[in-house]
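Visitor: Please walk me through the ring contacts and the core of this model.

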Amino acid sequence: MEIFIATSNKNKVKEFKDMLEPKGYSIKSLNDLDEEIEIEENGQTFEENAIIKASTIAKRFNIVAISDDSGLEIDALNKEPGIYSARYLGHDTSYDYKNSQILLKLKNETNRDCRYVCSIAICYPSGENHVFTGILEGSIAYEMTGSNGFGYDPIFYYEPFKTTLANVPLDLKNQVSHRHIALMKLLEYLDAKE
Ligand code: IMP
């Protein structure tokens with residue numbers, strides 16, 4: 001079966017390919033299209049945004065499509081940055097800046113609970129949709145450490161590793177990540193469907 005990944009992010013495409021191709025799925029992405037497709041992520045939740053992206057592609061190209069939406073929720077900041085994680089404090093600001101501002105906002109805060117959330121939607125041209133969500137609980141560190149991973153990883157302290165996610169090898173992070181958990185749920189669904 002052919003599955004279309006509704007993203008042009010090469011890292012995401014690789015992660016999906018690594019999981020799905022050994023199972024016999026043939027994977028295509030926005031990078032394989034001749035035309036540029038802009039999809040407005042105007043949902044209010046990770047799940048809604050994942051469905052908006054995948055269902056748009058599924059209907060437009062009459063194909064099974066998968067999409068994900070993810071981000072960081074910080075309890076002491078009313079779950080910010082949440083669905084705005086990529087554009088938090090400005091589209092073009094560096095993560096050094098975003099992370100240092102978060103540390104500043106939480107300077108006197110004892111509740112440092114946070115989580116990464118990833119919702120993966122699989123949508124069919126018929127309009128059938130399914131969403132799978134993975135959550136990784138952590139806490140906001142007191143300083144930035146590590147240079148692996150990306151985004152908010154230098155301030156995401158993960159208790160089982162006793163350090164931030166940016167301080168461990170990427171393949172170790174990818175074994176426990178919110179995206180991995182959601183992907184495993186998707187695989188379970190696809191396996192049961194066969
Ligand atoms: P998306 O590509 O629209 O899902 O945006 C996800 C955004 O959430 C990223 O740009 C990061 O800001 C943040 N994010 C999601 N997952 C991670 C992660 O594993 N590490 C660090 N930041 C993440």
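**Rings, helix and core**

Visitor: Phe4, to begin with: buried or exposed?
Guide: Phe4 is buried, its relative accessible area being 5%. Here buried means under 20% relative accessible area, exposed means over 50%, and partly exposed lies in between, computed with a 1.4 Å probe on protein chains only.

Visitor: What sort of model is this, and what are the ground rules?
Guide: The model is predicted: local features need pLDDT of at least 70, side-chain atom pairs count only at pLDDT 80 or more, and totals for chains, interfaces and linings use all residues. Residues are numbered from 1 along each chain as its sequence is written, and side-chain values use heavy atoms, with hydrogens and water left out.

Visitor: How many aromatic pairs are there?
Guide: There are five aromatic pairs. Rings of Phe, Tyr and Trp (its six-membered ring) pair if their centres lie within 6.5 Å; planes under 30 degrees apart count as stacked, over 60 as edge-to-face, and the rest as tilted.

Visitor: And which geometry do Phe4 and Phe61 have?
Guide: Phe4 and Phe61 are stacked, at 6.2 Å centre to centre with 15° between the planes. This pair links distant parts of the chain, as Phe4 belongs to strand β1 (residues 2–5) and Phe61 to helix α2 (residues 46–61), 57 residues apart. Helices (H or I, at least four residues) and strands (E, at least two) are DSSP runs, numbered from the N terminus.

Visitor: How accessible is Phe61?
Guide: Phe61 is partly exposed, with a relative accessible area of 27%.

Visitor: Why do Tyr95 and Tyr152 get their class as a pair?
Guide: Their ring centres are 5.1 Å apart and the planes stand at 90°, so Tyr95 and Tyr152 count as edge-to-face. Tyr95 is in helix α3 (residues 95–105) and Tyr152 in the loop between β6 (129–140) and β7 (156–158), so the pair ties together parts that are 57 residues apart in sequence. Tyr95 is partly exposed at 29% relative accessible area, while Tyr152 is buried at 4%.

Visitor: Which charge sits over the ring of Tyr95?
Guide: The charged end of Lys98 sits over the Tyr95 ring, 5.2 Å from its centre. Elsewhere, Arg112 lies over the face of Tyr142, 3.9 Å from the ring centre. The criterion is NZ of Lys or CZ of Arg within 6 Å of the ring centre and within 35 degrees of the ring normal.

Visitor: New topic: which residues of helix α1 are buried?
Guide: In α1 (residues 10–20), the buried residues are Lys12, Val13, Glu15, Phe16, Met19 and Leu20. They span an arc of only 165° around the axis, which places them on the same side of α1; the arc is taken from the directions from the helix axis to the C-beta atoms. On the other side of α1, Lys10, Asn11 and Lys14 are exposed.

Visitor: What does the buried side of α1 pack against?
Guide: The buried residues of α1 pack against β1, β2 (26–29), β3 (64–74), β5 (113–123) and α5 (178–193). Contact means heavy atoms within 4.5 Å.

Visitor: Which residues have the most contacts inside the largest nonpolar core?
Guide: In that core of 20 residues, those with the most contacts are Phe16, Leu20, Ile66, Ile120, Ile122, Leu186 and Leu190. A nonpolar core is a set of buried Ala, Val, Leu, Ile, Met, Phe, Trp, Tyr and Cys residues joined through side-chain atoms within 4.5 Å. At least two residues of this core come from each of β1, α1, β3, β5 and α5, and α5 gives the most, with six. Apart from this core lies another, of 16 residues, among them Leu72, Ile102, Ile140 and Leu165.

Visitor: And Arg179, buried or exposed?
Guide: Arg179, in helix α5, counts as buried at 8% relative accessibility. Leaving aside its neighbours within four places in sequence, Arg179 is in contact with Lys12, Glu15, Asp68, Ser70, Cys118, Ile120 and Phe150.

Visitor: Lastly, the backbone: where is the cis peptide bond?
Guide: The cis peptide bond joins Glu80 and Pro81, with omega about -5°. Pro81 lies in strand β4 (residues 80–81). In the loop between β3 and β4, Lys79 has a positive phi near 70° although it is not a glycine.
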